[in-house]
Amino acid sequence: MTQKPKVAFFDFSSCEGCQIELTNFGDADFLELLNHIDIVEFREAMSEKTDDIDIACIEGSFTRESEKDRLIAIRNRAKIVIAYGACAHTAGINALKNHTTDFKKAVYGQDADQPHLNSNDKALPISHVIKVDYFAPGCPMSKYEFLNIVSHLLHGKEPVIPTYPVCVECKRNETICRYDVGDHCMGQVAMAGCGAPCPSQGIPCEACRGFCEQANLTALENTLINKAGFSASRAKDKLRMFTNALLPDTSNP
Amino acid sequence: MKKSALTKTTDTLFTPQKAKIIRAVQATQTEKHFTLALANKEKFQFMPGQILEVSLFGFGEIPIGIASSPTRENTFDIVVRTVGRVSAAVNKLDKGDHLFIRGPLGKGFPLDKLINNNVLIVAGGIGLCPTRSLIQYILDRRTDFKTFTLFYGTKTPEQQMFLDDLKTWRLSKDVHFFETVDVPNASWQGHAGLITKLFKQTNISSNTRVVLCGPPVMFKFVIFELKKLGIIDQNIFLDLERRMKCGVGKCGHCQINNKYVCTDGPVFALSEIRFLEEAL
Amino acid sequence: MNHHYITLKDFNLFLTKLVNQKIVYGPVARKNKFVFDLISSPEQLRLDYDVTILPPKKIFFPPKQHLLHFDGESYKDCLDPKEQIIMGVHNYDIKAIDQLDFLFKEKNPDDHYLLNRRKTTIIGSNIQTIAARSFWGSAGAGVEPKGHDGFLTKLKDGFVFETRTKKAENLVKFAKFIKAKKTQVEQAAQINTAVKKKCPAKLAYSSAEIAIKTRLAFKNNELWERLSKDCFSCGSCNTTCATCYCFDVQDSWNLDQKSGFRTRYWDSCMTVEFAKTSLGGGAVHNFRALRRERFRHRVMRKLVYLNDKLGGPACVGCGRCATACTADIADPVNIVKEIMEA
């Protein structure tokens, strides 16, 4: 790209934490990035808008029918679409409602019937509605990985996102394995690239970047039960945390 | 084959050298044919069948077989199929641009075993690229070899490469050239069907030395035909392809049992790898 | 070369002086585990460690190592070897380093490894605490540890320091070493011989027997399927392995989008991606697409493939893989037992 590419940010059903994470650069890195791109739409930081976009970065999952048109409109305006953050990538924790029917009541209690709370039965990744070119996974997405993705796209190179599991990064960091302190973890099957910050802080990996190819979920369930002392139902629930929309059994029980 | 070629021109195993693109032709929809010369103007020394690590800084490195013979001019050819990040970037380059190479790497075709013998080359699809280095070599030193037969098969006529070469080979008395396509189009006049069908049109003697290069599925079927002709494993040579990172026998990606495709190959006698379960 | 002796008190003074003047790595505590790390004061050095999470190779062959720096079209090798000392390397890791030295040197010498390695002084130490999953007493039993510069053996009141190279001999001047008595040298030898029998786990077969039977089991799909059923393909066994050295190479740009690095990263043959090739048009071919094929490849590589080159198995019995595997299927002791009894 010879001219500075126009980059826009959009949010759907999400906490907007990934946008916050982006502005968290707040240092030389982010300013340096601005030398190479033009940010044309960014709700968290500005208000001007433009028609054609080189790179549309979309945060949040698809949970309402009305969001469909908006997603399609963005796709039509954008040369490249990046789904960034777990909600856009896997539908994230929004999809935890997908296998339940009483989710509104559970969340909103007696206000559950208010019309503005209506949403689809299932939260889905935005790739369910539009073609997504690249993913920046994670909850929140890693700002350094995002920089790397943009850097690659500036050169017309497909971004390199690691495909190996979080265990690889924990071991490289010499982080004490959660299982060695009697805890649980899903790092064995979770996509890496984040640098494994959670286990290094004593927090189990929740697979917020989704599962790796050929993820051995049966073995994971067994390990959660046999090694971490989970009940069978808790082990099953654990697998849903960030990937409920992708698991085969997301339909109502 | 000399290993010192590498240390002679580079500083460490991973230091590439600059090469200039002398000619760039879109060979097919997905393949681009580059003619290169070293930027330092020296002649690039290599043997037919050897490989290069081709790179662009920021994009990375990929292994590519050399597609021309050292018997030709000071330049050398590669053909790059757009399959990933590096190849996509390389295929955007044109005449006058630069890229970077490491090599030549690996052992090439076993010329000592081919010379003074009947030779058959079976090339499937993009497998014609590395074997072209040997085809040119044989044609340039034709009296060193006995009969020379070439089979070339592609899925469709559009996938044929080196069209000028094909024209020459069709008319040449120096090579018995047979070509086929799996799926012909309206204008295709030649043979249609799998490459193994070409054996019926020829009379390959059992003492022929055979060189194979093509997609993994092709090997099994062609070897089956060669066995019917009574050709022994020692006389069948396969040019293998694997994922490769370093090209110098370290990174482990191309390992097949105890062999490294990059340094022990990429050309192996079938007798060497027959019992390596992951080779074929 | 020589056998020296130093009292425990003087050893502390020796370390103090050493860490003030040199870059010194050694085993240090990290919560309930140990890691090799920079030593800045003597009490950090825990020669009583059992095993570290990663082997000491990480100091001269780091998980992420720049190979080249580029800036537009100019480029240079990233070679910046530092003089450094690694203290307290156990015999199994010494054997592993010796293997890596050979593998990086053979055929095409890898300067990015070798220059770092050459500037590194390796001082071994006797194993005082035995790791629960270790089996170094019987892994490659015929292979003697070599390639290190010196070796410390702790006696009751001090250390016997065996110097094997000039690099180690040069360290002696840092403190009050005296010539070791014959009885002290004998005592040290005894300690190092005796400890070999104390591993909790043991391979009940010779390296050659294991290699032959394992190779013959190649096509026993049922066996590999059973052994790898719970494998996560997570790469923990490879990443913690003392003898694994496979790597991936990736390029990236710096923030200026012009300069950048070509970098190598430790890679793992157990991960799905490792043997994948792109064929074009989105098609891929994975030469080891199945879990059992990848599992088998690791076992073959540790017990069979490299034996001829190395004169023994590419497994030194540190037990790191067994400890790191959350599915508990990576332990070579169990794998060998299953293969031999299959």
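A: Start with accessibility, where buried means under 20% relative accessible area, exposed over 50%, and partly exposed in between (1.4 Å probe, protein chains only). C:Tyr265 has a relative accessibility of 22%, so this residue counts as partly exposed. The model is a predicted one, in which local features need pLDDT of at least 70, side-chain atom pairs count only at pLDDT 80 or more, and totals for chains, interfaces and linings use all residues; side-chain values use heavy atoms, with hydrogens and water left out. Residues are numbered from 1 along each chain as its sequence is written, while chains are lettered from A and ligands numbered from 1 in the order in which they are written.

Q: Where is C:Tyr265 placed, and which residues is it in contact with beyond its neighbours within four places in sequence?

A: Helices (H or I, at least four residues) and strands (E, at least two) are DSSP runs, numbered from the N terminus. C:Tyr265 is in strand β12 (residues 259-266) of chain C. Contact means heavy atoms within 4.5 Å. Leaving aside neighbours within four places in sequence, C:Tyr265 is in contact with A:Arg172, C:Pro63, C:Lys64, C:Cys246, C:Phe247, C:Asp248 and C:Gln250. C:Asp251 is 14 residues from C:Tyr265 in sequence and 11 Å from it in space, C-alpha to C-alpha.

Q: How many residues does the largest nonpolar core have?

A: In soluble globular proteins, nonpolar side chains tend to be buried together. A nonpolar core is a set of buried Ala, Val, Leu, Ile, Met, Phe, Trp, Tyr and Cys residues joined through side-chain atoms within 4.5 Å. The largest one here has 74 residues, and B:Val122, B:Leu212 and B:Leu226 have the most contacts inside it. Its largest share, seven residues, comes from helix α2 (residues 91-105) of chain C. A second, separate core has 56 residues, among them A:Ala192, A:Ala196, A:Leu220 and C:Cys234.

Q: At what angle does helix α7 of chain C pack with helix α12 of chain C?

A: Axes are lines fitted to C-alpha atoms, for helices over the stretch in contact, and angles run from 0 to 180 degrees between N-to-C directions. Angles under 35 degrees count as roughly parallel, over 145 as roughly antiparallel, 65 to 115 as roughly perpendicular and the rest as oblique. Helix α7 (residues 221-228) and helix α12 (residues 332-341) of chain C pack at about 155°, with their axes 11 Å apart. α7(C) is therefore roughly antiparallel to α12(C). On the α7(C) side the contact is made by C:Leu223, C:Trp224, C:Arg226 and C:Leu227, and on the α12(C) side by C:Ile335, C:Glu338 and C:Ile339.

Q: At what angle does helix α9 of chain C pack with α12(C)?

A: Helix α9 (residues 291-305) of chain C and α12(C) pack at about 95°, with their axes 12 Å apart. That makes α9(C) roughly perpendicular to α12(C). C:Phe295, C:Arg298, C:Val299 and C:Leu303 of α9(C) meet C:Pro332, C:Ile335, C:Val336 and C:Ile339 of α12(C).
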